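Please read this briefing alongside the sequence and the model, keeping both open as you go through the topics below.

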Amino acid sequence: MEECEFVHLPLNQEVRSISGGYILEKEARVTVDGREILYAVGVGVVDSACCGTGGSRYALVPGILVRWHSGINADGHAVSKVVRIQDPDLTQKVASAIRAREREIAVQFL
């Protein structure tokens with residue numbers, strides 16, 4: 001299992017695109033099978049697309065937390081070390097644990 005970096009983006013700041021935008025609301029951790037899992041919750045909105053409007057809440061899962069805020073990147077954002085989750089059984093357990101906490105949320109693994 002190889003460690004990789006997760007860049008902590010600013011919370012509660014809208015990021016716009018051509019058809020909408022998103023806001024990361026919070027970062028949280030959940031323990032599954034004795035492992036601390038890092039995830040971020042956000043809201044994505046499509047409000048200027050030709051095919052209509054919509055939105056959803058989502059959780060992005062960078063992976064198993066190895067080192068919290070282990071450094072700062074060139075843009076001044078905190079960086080943590082994580083291990084990506086590739087085990088399908090652990091993926092299902094993590095998604096279930098996040099859904100139990102956050103309700104009505106799509107879970108995406110990075």
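In this predicted model, the protein chain is built from 1 helix and 7 strands. Read from the N terminus on, these elements follow one another in the order β-β-β-β-β-β-α-β. The C-alpha trace of the protein chain spans about 45 × 35 × 20 Å along its principal axes.

**Burial, contacts and surface**

- The protein chain has 110 residues, of which 33% count as buried.

**Charges and rings**

- The protein chain carries 12 positive and 14 negative side chains, and the centres of these two sets lie 4 Å apart.
- Arg29 places its charged end over the ring of Trp68, at 4.0 Å from the centre of that ring.
- The count of aromatic pairs comes to 0, where a pair would require the ring centres of Phe, Tyr or Trp to lie within 6.5 Å.

**Backbone angles**

- Most residues other than glycine have a negative phi, which is the background for the two residues that follow.
- His69, although not a glycine, has a positive phi of about 45°, and this residue is found in strand E5, which covers residues 52-72.
- His69 counts as partly exposed because its relative accessible area is 40%, a value between the limits of 20% for buried and 50% for exposed.
- Arg103 is likewise not a glycine and has a positive phi of about 55°; its place is the loop between helix H1 (88-102) and strand E7 (106-109).
- Arg103 has a relative accessibility of 56%, and therefore counts as exposed, since the cut-off for that class is over 50%.

- Which distance in space separates Ser96 and Val32, C-alpha to C-alpha? The two residues are 9.9 Å apart in space, while 64 residues separate them in sequence.

Conventions
Residues are numbered from 1 along each chain as its sequence is written. This is a predicted model: local features need pLDDT of at least 70, side-chain atom pairs count only at pLDDT 80 or more; totals for chains, interfaces and linings use all residues. Side-chain values use heavy atoms; hydrogens and water are left out. Rings of Phe, Tyr and Trp (its six-membered ring) pair if their centres lie within 6.5 Å; planes under 30 degrees apart count as stacked, over 60 as edge-to-face and the rest as tilted. A charge sits over a ring if NZ of Lys or CZ of Arg is within 6 Å of the ring centre and within 35 degrees of the ring normal. Helices (H or I, at least four residues) and strands (E, at least two) are DSSP runs, numbered from the N terminus. Buried means under 20% relative accessible area, exposed over 50%, partly exposed in between (1.4 Å probe, protein chains only). Lys and Arg count as positive and Asp and Glu as negative; His and the chain ends are not counted. The place of a charge is taken as NZ of Lys, CZ of Arg, CG of Asp or CD of Glu.
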